[in-house]
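This report describes a predicted model.

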Amino acid sequence: MRLSRRRLLGSLLAAGTAAALAPARAQGAGPLTRPIASTGGALPLVGLGSWITFNVGDDPVARDACAEVMGAFFAAGGRLIDSSPMYGSSQEVIGYGLAKLGRPPALFSATKVWTSSASEGPEQVEDAQRLWGVPRFDLLQVHNLVAWEAHLETLMAMKAAGRLGHVGVTTSHGRRHAELERIMAAHPVDFVQVTYNAADREVERRILPLAAERGIAVIANRPFRGGDLTQEFAGRPLPGWAAEIGCTGWAQAFLKFIVSHPAVTCAIPATTRVDHVRENMAAASGPMPDAALRARMAADIAA
Amino acid sequence: MPTWMSYSLSDLLLFSPRTYYRLFELMNAALWPAHVPLLAAALAVAVLALAGHRRAGRGAAALLAAAWAWTAVDFLGIRYAAVNWAAPWFAGAFLAQAALLAWQGLFRDRLQPAPGGRAGTALYLAAVLLMPLAAPLSGRLWTQAEPFGLAPDPTAAATLGLLAAARAPWSLWIVPLLWCAVSGATLRTMEAPDFWVLPTIGLLALALRLRRHPV
């Protein structure tokens, strides 16, 4: 049965139980997934970001290391890889990794349009397709709302012509939320991407409820606050609640906090390490915190 | 508050320190043994300058112009540009500096060793001989050393040393001093322990120049 996001959330609110918040398990023993309401697809709760980590230029050793990370990501059931023309050589490095891995069919390719020139948008998308080696993207997003009116028009036309799977807009670091809200209310976007983690929770007030109401999928970026959270908590003992939700490390706790919000579709941690990508993907399975535990987690992490 | 004011330098850093220093490692492996004749030429310029030789100015200008041009094309224009989309702009500035050095120093002979310029020459020698040691001293691999004439930081530092030791137009100071600020800020954002070295050399060179002949 295809379950729309709106209907799902409606039933959740009615039930009001923590158990009902649990996302769906993909076929087999893969990670838990959440639906993309507008098109009926589904995505694992954890994806893969590429900011900084995949911008390794022409370094052959580092490129192979990135390909290994991608290989481990797909092996653990991962699908969504997110990038941007702003991220230096990241798209090229992703393309290298995909070719080396034999173009995994599970890939959900997500990148962005990042140019202040409206006319350069289509050209940038073609470049990105060439760099990734994909015939079309599953998701194209307007990066940080740059020239969003023009790019949104271009992307919507591409989607209507069947040359694109989904359309989205992004912000980060909590910027321009009022403008994002207006776009979400007035345009039929499939995805929004925002910064959300246990320390940056501004989106809980308006953006996430609006996304749930409008059936817009949500990608949470900067899940570790650019590495600050994992660094700050490294070496600190895990609180008792970590075992309750099957977390073996802080990174998993941070991720479970994010993806257990019912309006979040997936979080996109970036990493250069195979052991970390496996640990991150493991956060997309097992028990998830209920609302009461989420409140305790947020209090402990903010303390 | 405008949106751009909410960005910090760390939000704009596109690459990891590991990636940045690997650029030098790969560059050194690709260009070795060009380091040897380059070092010999750099030391020859120092000898000419210390001896007050009449060709010291043109010799220094030729070496520095070549160093800025090479660094612009190879390191900034190709290697750094692969991970930083701002690098082509830096390469343009370095090429402009190379052209300015060639014009003022080679054609107009306006890079003349000045009396009392020994401290500046010492700064030049420190940039050529000691700055490459910053990598091993900061806990990085010695294969990631940044040599004068191939990497931007020691090239800018050595130039500032020679400018401090010379009578030269102020226009030659602009790009090297700007690079001190850009590179210092980048390294500071990368939390490099030696981020202060290049800006300090820039300030020292400026102080030496002003002490000798205030504006």
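## Interface between chain B and chain A

In this predicted model, chain B and chain A bury about 1400 Å² between them, and carbon and sulfur atoms give 52% of that area. Of the area that chain B buries against chain A, 31% is supplied by B:D11, B:L14 and B:W85, more than by any other three residues. The contact involves 17 residues from chain A and 15 residues from chain B.

## Polar and charged pairs across the interface

One salt bridge is counted between chain B and chain A. It joins the side chains of B:R22 and A:D59, with an N to O distance of 2.5 Å. Between chain B and chain A, five residue pairs are in polar contact, both residues being at pLDDT 80 or more.

On the side of chain B that touches chain A, helix α2 (residues 17-31) of chain B contributes the largest share, four residues.

Within chain A, residue A:T271 lies in the loop between β10 (266-267) and α11 (274-282). Is A:T271 buried or exposed? Its relative accessible area is 5%, under the 20% limit, and A:T271 is therefore buried.

The side chain of A:T271 reaches the backbone nitrogen of A:R273 at 3.0 Å. Leaving aside residues up to four places away in sequence, A:T271 touches A:T53, A:F54 and A:V69, together with A:H276, A:V277 and A:N280.

Notes: Residues numbered from 1 in each chain as written. Chains lettered and ligands numbered in written order. Predicted model: local features only at pLDDT ≥ 70, side-chain atom pairs only at ≥ 80, totals over all residues. Heavy atoms only, no water. Contact = heavy atoms within 4.5 Å. Buried area = accessible area lost by both parts, 1.4 Å probe. Salt bridge = Lys/Arg side-chain N within 4 Å of Asp/Glu carboxyl O. Polar contact = N/O pair within 3.5 Å; in protein donor to acceptor, adjacent residues only side chain to side chain. Helix = DSSP H or I, 4+ residues; strand = E, 2+ residues; numbered from the N terminus. Buried < 20%, exposed > 50% of the residue type's maximum accessible area, 1.4 Å probe, protein only.
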